[in-house]
Amino acid sequence: MEEKLCAAGSFTKMAKSLNKMEMKVNEAISKSRIGKYFKLESRKSSFTKEFRAGTATFLTMAYIITVNASVLSDSGGTCSVSDCTFPANQTHATPDCVLNNEGYEKCVAKMRSDLIVATALASMIGSFAMGLLANLPLGLAPGMGPNAYLAYNLVGFHGSGKMSYQTVMAIFLVEGCAFLAIAVFGLRGRIARFIPQPVRLACAAGIGLFIAFVGLQAHQGVGLVGPDSSTLITLTACTSTNPVTGECTGGKMQSATFWLGSVGFIIMCYGLMKEIKGSMIYGILFVTLISWIRNTAVTVFPNTPSGNSSYEYFKKVVDFHKIESTAGALDFTHFNSGEVWIALITLLYIDVLASTGTLYTMAEIGGFVNEDGEFEGEYTAYMVDAGSTIVASTLGVSPVATFVESSAGIREGGRTGITAIVVGFYFLLSLFFTPLIASVPPWAIGPSLVIVGVLMMKVVKDIDWNNIKHAVPAFVTMVLMPLTYSIANGIIGGIGVYIALSVYDNIVSWVKWLMRMKKMVVKEQNQVSATADQSIEVV
């Protein structure tokens with residue numbers, strides 16, 4: 001009993017000693033030039049509090065490293081038919097070789113490693129810049145809307161779209177420059193207000209549904225849904241599928257990887273329910289660690305040539321991968337096409353709306369917004385956001401945005417740019433573990449995409465569903481995005497319906513205005529006539 005009391009007393013003394021040490025460190029840093037630059041005392045924060053906040057933010061957004069790379073690699077990226085291998089009796093590869101070809105798969109796997117490094121690098125640069133220049137506790141990384149727009153609309157699944165990966169990167173670059181100009185000249189708010197409010201609110205929810213739909217499919221998710229020749233889409237999770245059409249050929253709802261991914265999804269949900277920081281990471285880690293075990297039904301390293309090659313790369317564990325295929329992959333030769341400009345305008349609106357909404361939301365949570373609806377660092381934050389997008393496009397990844405997961409760090413007490421710098425430091429460390437990050441399977445990433453979709457649905461509560469003029473455009477926007485596999489179609493459809501429903505009200509208001517103007521003119525004419533008559537009588 002005495003030994004237990006001694007141990008407890010020793011632990012208490014150690015805790016007090018550590019607390020005193022922490023207080024001394026925080027006091028020294030707060031009074032230093034660094035502390036004064038980041039305004040630790042005026043914002044009632046401390047270095048250790050900022051460090052914990054940065055760790056919490058990174059844990060909640062680190063999933064983007066693998067998720068973004070996986071989504072973008074679904075487009076095939078810089079890989080093409082020329083990378084396919086073909087038998088000696090053929091003179092060239094056929095276009096359908098991208099569906100199942102060893103040479104093409106090796107190219108995509110290599111490019112995916114490039115994208116992992118590029119995603120981590122862009123996130124690191126963006127977070128560092130936000131912390132150093134804007135002094136805000138916000139983590140930045142490539143967003144989850146534009147990457148899906150690239151992979152499944154513009155470039156299309158393994159190049160099935162109308163644009164090349166290089167052309168889309170050029171679009172991202174021009175869009176980033178345009179956004180930077182808008183931020184510099186203060187035009188951001190005016191452009192954001194141009195889109196009707198119900199469509200603006202529905203955009204986030206529609207993109208969330210779209211991302212969740214991707215996470216439920218086989219190529220980038222758990223494989224719960226798949227194609228069907230009769231109903232277009234159906235329940236799958238099959239043990240075997242047609243390699244060409246993707247249709248289920250046997251073992252419906254018997255896929256081992258689907259059930260493993262489902263367990264990961266439940267882990268994420270419970271973590272979020274209990275407000276555990278990094279819940280999505282824990283779910284991804286659980287599924288990934290089990291999938292790394294070879295000779296099982298859920299292994300990500302099957303006994304095939306590509307599986308063996310992936311396993312050999314995985315065993316390196318630590319390796320700094322040099323970006324080879326995506327950096328500088330820009331092509332401006334197709335900018336005379338109308339489709340390019342439609343994509344550019346769509347991306348610009350998405351970027352402006354997303355960054356505006358996210359920044360203001362985070363500022364509200366952190367208590368930075370003043371009575372005039374402004375907050376310190378706002379002007380610089382928008383320029384950092386735009387500048388990071390320009391950097392990301394040159395690295396070969398989608399536009400960078402402020403992550404809503406930054407709220408995790410703000411809730412932990414993050415109030416200065418030190419939080420963002422800590423996030424950037426963690427992204428820097430991740431650059432050296434590419435073999436591990438590249439080996440995360442789709443059925444580990446899919447559940448996180450569904451969760452992201454769930455979180456993005458929160459905005460629907462702000463839509464006035466009792467007002468048909470608001471409800472219908474919002475519904476059209478949300479439904480068209482996943483069902484047409486196009487974010488642009490959803491936005492255009494929503495705005496079009498809103499304009500159509502506003503025609504009657506606009507015509508009525510115009511008629512009323514014309515009638516008021518007519519009355520005013522008649523009244524003026526009567527007054528002039530009366531004055532003239534009085535003048536005549538006097539004469």
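V71, M144, N147, A148, I211, V214 and L449 line the largest cavity of this structure, which is a predicted model.

**The cavity**

How many cavities of 30 Å³ or more does the structure hold? There is 1, and the volume of the largest cavity is about 40 Å³. Two helices, helix 6 (146-154) and helix 9 (197-216), each contribute at least two residues to its lining. Sorted by class, that lining has 6 nonpolar residues, 1 polar residue and no charged ones.

The partners here are helix 4 (residues 64-73) and helix 18 (residues 442-456), which pack at an angle of about 100° with their axes 10 Å apart. Angles of 65 to 115 degrees count as roughly perpendicular, and helix 4 and helix 18 are therefore roughly perpendicular to each other. Here is who makes the contact:

**A disulfide**

A disulfide is a covalent bond between the sulfur atoms of two cysteines. Counting pairs of cysteine sulfur atoms within 2.5 Å, the structure has 2 disulfides. One of them joins C79 and C107, with the sulfur atoms 2.0 Å apart. Is this disulfide left-handed or right-handed? The torsion about its S-S bond is about -95°, so the disulfide of C79 and C107 is left-handed. C79 sits in the loop between helix 4 and helix 5 (102-134), while C107 belongs to helix 5, so the bond ties together parts that are 28 residues apart in sequence.

**A loop residue**

Which residues does Q217 touch, leaving aside its neighbours within four places in sequence? Its contacts are V222, G223, V225 and Y485. Q217 and P442 are 225 residues apart in sequence, yet their C-alpha atoms are 9.5 Å apart in space.

Terms used. Residues numbered from 1 in each chain as written. Predicted model: local features only at pLDDT ≥ 70, side-chain atom pairs only at ≥ 80, totals over all residues. Heavy atoms only, no water. 1 Å grid on protein atoms, 1.4 Å probe; cavity = no way out; pocket = protein on both sides within 12 Å on 5 of 7 lines; lining within 4 Å. Points joined across faces, edges and corners; volume = space filled by probe spheres on them. Helix = DSSP H or I, 4+ residues; strand = E, 2+ residues; numbered from the N terminus. Nonpolar A, V, L, I, M, F, W, Y, C, P; charged D, E, K, R; others polar. Axes fitted to C-alpha atoms, helices over the stretch in contact; angles between N-to-C directions. Parallel < 35°, antiparallel > 145°, perpendicular 65-115°, else oblique. Contact = heavy atoms within 4.5 Å.
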